[in-house]
Amino acid sequence: MKERLESIKQEAIKQIQASDVPEKLNDVRVKFLGKKGELTAVLKGMKDVAPEERPKVGQLVNETRAAIEELLDETKKKMDAAIREEKLKQEVIDVTLPSKKNTVGHRHPNTIALEEVERIFIGMGYEVVEGPEVEYDLYNFEKLNIPADHPAKDEQDTFYINKDIVLRTQTSPVQARVMEQGKLPIRMIAPGRVFRSDEVDATHSPSFHQIEGLVIDKNISFADLKGTLEVFAKELFGPDTKTKFRPHHFPFTEPSAEVDVSCFKCGGKGCRFCKGSGWIEILGCGMVHPHVLEMCGIDPEEYTGFAFGVGLERIALLKYEIDDMRLLYENDIRFLKQF
C-alpha cells in the first residue's frame, strides 16, 4: 500500500509540473483528489486492510493528499501570478500618449446656409414646402410657361426618365403644385435638390440645390418683391448691403430681373472677390406671369404675385468665400472641419 501511495504521489507531482494552464491543474485535482479520484479509491479499499494496519494506512493517505494539495496550491499561485503579470504587460497604459478624442460630426456648410435662409424667410411669415425630385414634365415645364418647343427647355438639357417624367431642373414645380391647391394667399419657399446636364467644374454640377420663393395675394407689386429681397440681402450679408435689379427674362415671370448685392468684402469699391465691379449676382426674380396663374387655377385679374430663385451652393460659396463648388461635395474632412 505504501508503494502504491508513493506511486500516486509521484504521478501527481509529474502531472502538476507538466500543467501550463489552470484548467490542467484542475484536471489533476479531480483525477487524484476527486470523489472518483485515485486516493479516494485507496480509501474505499481500506476494508481489505488488516484492522491493525488501517490507522497507519489512513495516515499515509492523508499525508499524500496533503502533499498533493500543497503542491497544487503553490503551482496555482505561481501560475496566476504569471498570468496576471502577462496581462498587465499587455494592458499597460502609457499616460504620456495623447488621449483619443471622439470625432463629433457637425452641419455641412450647405445645411448651415439653408438654415440661415429658412430662418430669414420664416421670420417674414413664409412656410417651407418640399416636393418630389422626380417630377412630371407638366409641372417642371408646361405649368411654368415653358411649352415643348420653348428655347428655355433646350437650355436646361434635362435628365428624362421618359417623355413625361424628368428629374426636376428647379424647385418651381413645388410652387405650381401649391398654387393648384387654391389655398390663398401663399407665402412659401421651396428648397431642394435639382438636376441639370452640366459639366462638373468650379461653378457647375449636374446635381445642386435651389431655394425658390413665391408670394401670391391681392395687390402684390414689384415694390413688394424689391422690399422683400432687400431685407433678405441685409439679413444674410449684413445691414450695409445694397441691392440692384437688372432687367432679365424668365418664362415663369414678367417682368423679370437679376438681382445683385453690393460686395460685402469691399463695400462696393471693387476687389478681387467681386471682380472689380463692386457687385455680386445672387438670384433671379420677377412677377408671376399671368398665364402661369391661369394654368394653376388662379384669377390673374384678382391676384398677383412674385417669385424668386437662388442657388443654395451660390449662397454658401459667397458667404464662406469658397472658390470651388466641388469642395462642397468631395467630403474632404480637412475642408469640412472648418465649419
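This is a predicted model: local features need pLDDT of at least 70, side-chain atom pairs count only at pLDDT 80 or more; totals for chains, interfaces and linings use all residues.
The sulfur of Cys263 has its closest cysteine sulfur in Cys266, at 3.6 Å, which is too far for a bond. Likewise, the closest cysteine sulfur to that of Cys274 belongs to Cys271, 3.8 Å away and also too far for a bond. A disulfide is defined here as a pair of cysteine sulfur atoms within 2.5 Å, and the count by this rule is zero.

Residues are numbered from 1 along each chain as its sequence is written, and side-chain values use heavy atoms, with hydrogens and water left out.

Are these cysteines buried or exposed? Cys263 is buried, at 1% relative accessibility, and Cys274 is buried at 5%; buried means under 20% relative accessible area, with a 1.4 Å probe and protein chains only.

Let me turn to helix α9, residues 222-237. Helices are DSSP runs of H or I, at least four residues, numbered from the N terminus. The expected span is 1.5 Å times one less than the number of residues; for the 16 residues of α9 this gives 22 Å, and its end C-alpha atoms are 22 Å apart, in agreement.

Which residues of α9 are buried? They are Leu225, Thr228, Leu229, Phe232, Ala233, Leu236 and Phe237. Viewed down the axis of α9, these buried residues fall within an arc of 135°, so they line one face of the helix; the arc is taken from the directions from the helix axis to the C-beta atoms. Following α9 comes Gly238, with a positive phi near 125°.

Definitions and conventions
Buried means under 20% relative accessible area, exposed over 50%, partly exposed in between (1.4 Å probe, protein chains only). Helices (H or I, at least four residues) and strands (E, at least two) are DSSP runs, numbered from the N terminus.
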